[in-house]
Amino acid sequence: MAQRNFFVGGNWKMNGNKESLEELISILNTASLHDQTEVVCGAPSIYLDFARCMLDLRIGVAAQNCYNVAKGAFTGEISPAMIKDCGAEWVILGHSERRHVFGESDELIGQKVAHALESDLSVIACIGEKLEEREAGTTEEVVYAQTQVISENVSDWAKVVLAYEPVWAIGTGKTASPEQAQEVHEKLRAWLRSNVSDDVADSVRIIYGGSVTAGNCRELASQNDVDGFLVGGASLKPEFIEIINARA
Ligand code: PGA
């Protein structure tokens with residue numbers, strides 16, 4: 001079976017300024033990080049260049065979104081080519097805030113995934129059900145449909161990390177239990193096995209996001225199909241180091 005290196009992404013969202021980010025970056029740069037864990041920080045687009053210049057090269061940099069073409073008359077948008085030009089290697093796509101605050105459709109997210117991969121960026125592709133969908137028993141249906149659209153647009157699964165982030169757990173302090181996370185991750189891996197290939201099912205990292213903290217990360221990380229985390233609030237704090245080292 002393929003070895004899946006643990007992957008921890010920090011999603012800074014629309015937080016920080018040069019002063020506070022410099023402080024955070026210096027903590028990350030000097031920390032002892034488990035060397036088998038891949039670490040990526042998602043910076044606001046205006047700070048991508050700054051983050052890439054300041055962060056140690058063992059830590060990757062991600063944009064938090066991008067558009068689906070290389071350039072043109074799209075006021076306010078950024079392209080994968082620009083992200084790469086700033087030296088960043090990753091982009092987060094389909095985050096629940098993009099889907100539910102800014103109304104991005106599955107179709108647009110799929111186009112963004114395709115274009116980012118064609119542009120040689122790696123992608124953290126996010127999926128997850130809302131509370132009412134979980135309560136209605138449609139979690140599987142929702143995450144499979146989201147994964148299907150992503151999958152139709154993936155040209156190289158080696159450059160994709162799938163982030164399962166139940167919307168009800170994001171920024172709410174309500175983490176999915178290790179059993180709830182494992183159950184969905186295991187089903188997603190089975191979906192990949194049936195719909196893509198054994199190789200992709202065995203090798204793709206499926207990471208969990210939603211109120212991950214230093215306090216709950218070890219138990220979540222001990223689940224078989226939890227291959228890492230996407231961390232919002234706690235990625236802005238020194239406890240992010242403990243989350244990175246959850247499997248150490
Ligand atoms: P949170 O955010 O850790 O603050 O819940 C996670 C995310 O949005 O990726």
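Guide: S211 is buried, with a relative accessible area of 16%. Buried means under 20% relative accessible area, exposed over 50% and partly exposed in between, with a 1.4 Å probe and protein chains only. Before we go on, this is a predicted model, where local features need pLDDT of at least 70, side-chain atom pairs count only at pLDDT 80 or more, and totals for chains, interfaces and linings use all residues. Residues are numbered from 1 along each chain as its sequence is written, and side-chain values use heavy atoms, with hydrogens and water left out.

Visitor: Where is the place of S211 in the chain?
Guide: Helices (H or I, at least four residues) and strands (E, at least two) are DSSP runs numbered from the N terminus. S211 sits in the loop between β7 (206-209) and α10 (217-221). Its phi is positive, about 55°, although S211 is not a glycine. T213 is found in that loop between β7 and α10 too, and T213 is partly exposed, with a relative accessible area of 30%.

Visitor: What is an oxygen atom of the ligand 2.6 Å from?
Guide: A polar contact is a pair of N or O atoms within 3.5 Å; within protein, one must be able to donate a hydrogen and the other to accept it, and residues adjacent in sequence count only if both atoms are side-chain atoms. A ligand oxygen is 2.6 Å from an N or O atom in the side chain of H95, and a ligand oxygen is 2.6 Å from a polar backbone atom of G171. For G232, a polar backbone atom is 2.8 Å from an oxygen of the ligand. Taken alone the ligand exposes 280 Å², and the protein buries 95% of that; accessible areas come from the Shrake-Rupley method with a 1.4 Å probe, and for residues only the protein chains shown count as cover.

Visitor: Is K13 buried or exposed?
Guide: K13 counts as buried, at 19% relative accessibility. K13 is placed in the loop between β1 and α1, and has a positive phi of about 50° although it is not a glycine. N15 lies in the loop between β1 (7-11) and α1 (18-30), and N15 is partly exposed, with a relative accessible area of 33%. N15 and P44 are 29 residues apart in sequence and 7.7 Å apart in space, C-alpha to C-alpha.

Visitor: What about S79: buried or exposed?
Guide: S79 is buried, with a relative accessible area of 4%. S79 lies in the loop between β3 (59-63) and α3 (80-85). A polar atom of the S79 side chain is 2.9 Å from the backbone oxygen of A70.
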